[in-house]
Amino acid sequence: MSNPQLRFYFREPTIDTNIPITDGTVKIEGFDWQFVDNEDDADAWDCGFAARVRAYAQGLPHISIPAFPNRKFRLAYIFVNSKAGIEAPKDLQEKRVGIMQWDNTAGVWARGALQHYYGVDLKRVDWRAARVKGEGVAEGIRIEKLEGKGDADSILDKQLIEGKIDAVIGPNLLPSISARDPRTRRLFRNYRAEEQNYFRKTGIFPTSHIVTLKQEFVDRHPEAPVALLKAFRQSRDVAFDRLEGSDPQVIAYSWIAAAIAEQRELMGENYWAYNIENNRAVLDAMTQYSHEQGLSPSRIDYMTFFHPEAAELPGV
């Protein structure tokens with residue numbers, strides 16, 4: 001008898017933590033993977049964390065597992081026009097700051113850090129967005145829509161280069177930053193040291209995605225959440241082995257194993273954990289920032305996001 005299919009939508013199928021699943025190395029117990037091209041056709045997907053908060057606030061029937069395949073520090077994703085006179089985070093006040101859209105996860109994390117770690121008053125920032133929604137924005141926040149054609153990164157980058165906006169908070173590296181265009185730069189020139197200090201003082205390693213299932217699929221297959229969590233843990237372990245195991249697969253950076261060892265020394269042995277216990281600071285921060293920034297009308301108890309058996313599964 002064949003296994004039932006689990007239709008999964010990967011927002012980022014080619015990042016290292018997901019590749020062992022998408023290349024066929026990691027199977028899922030009791031199911032066969034079927035990879036689909038959009039969330040509507042999926043039984044499960046790697047959901048943007050802020051989108052998960054919004055969906056919960058709207059009462060959508062979703063359930064998550066504590067697997068976070070994409071996580072990035074977000075101080076490195078604050079960019080400025082080189083002539084805008086912005087040298088410190090508080091210089092963003094009274095400046096025109098471009099964003100993709102207010103409820104983008106990367107933006108939630110960056111704004112939360114700006115507000116709570118650097119003391120920036122978000123209401124004193126002149127927000128400009130490539131996409132504007134009519135809800136999910138905190139009182140006192142004003143957002144003006146940016147004009148332009150193309151994807152959000154292209155619109156933001158063009159306006160930043162031309163000086164029509166002073167700064168950008170984005171989910172991706174802007175083309176001008178990747179090209180080392182001198183007209184733009186990161187706010188934090190030594191972003192590595194800045195993010196390391198941020199972690200030392202806050203314990204926050206921001207999560208971008210959270211693996212989420214549709215409740216109707218879980219109702220039909222109650223074993224799916226635990227099976228999915230086990231598969232994602234195995235995929236992460238394979239990904240790390242490909243970086244620092246006996247036969248490393250990433251060779252363009254000669255000292256990658258040493259870099260991972262340095263990161264473990266700072267952040268702990270299990271800094272990429274797929275469980276609740278090792279991620280409480282992150283879960284607390286996301287639910288706090290989401291409420292403060294208007295994505296949820298009240299602060300959500302993050303434990304209600306998770307499938308109970310998956311949340312209690314031993315291990316990391």
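Val97 stands opposite Trp127 in strand S7, where strands are DSSP runs (E, at least two residues) and helices are DSSP runs (H or I, at least four residues), numbered from the N terminus. The model is predicted, so that local features need pLDDT of at least 70 and side-chain atom pairs count only at pLDDT 80 or more, while totals for chains, interfaces and linings use all residues. Residues are numbered from 1 along each chain as its sequence is written, and side-chain values use heavy atoms, with hydrogens and water left out.

**Sheet**
- Strand S6 (residues 96-99) and strand S7 (residues 126-129) pair in the parallel sense over 4 bridges, pairing being assigned if DSSP finds at least two bridges between two strands.
- These strands belong to an open sheet of 6 strands with mixed pairing, in the order S8-S7-S6-S9-S5-S10.
- Strand S8 (143-145) and strand S10 (184-186) stand at the edges, each with a single partner strand, so one side of each has no neighbour in the sheet.

**Largest pocket**
- The largest pocket holds about 1,100 Å³ of space; a pocket is an open set of points on a 1 Å grid over the protein atoms alone, where a 1.4 Å probe fits, with protein on both sides within 12 Å along at least five of seven lines, and lining residues have an atom within 4 Å of a point.
- Its volume is the space filled by probe spheres set on the points, which are joined across faces, edges and corners.
- Of its 26 lining residues, Arg71, Phe73, Phe205, Gln263 and Trp272 lie nearest the centre.
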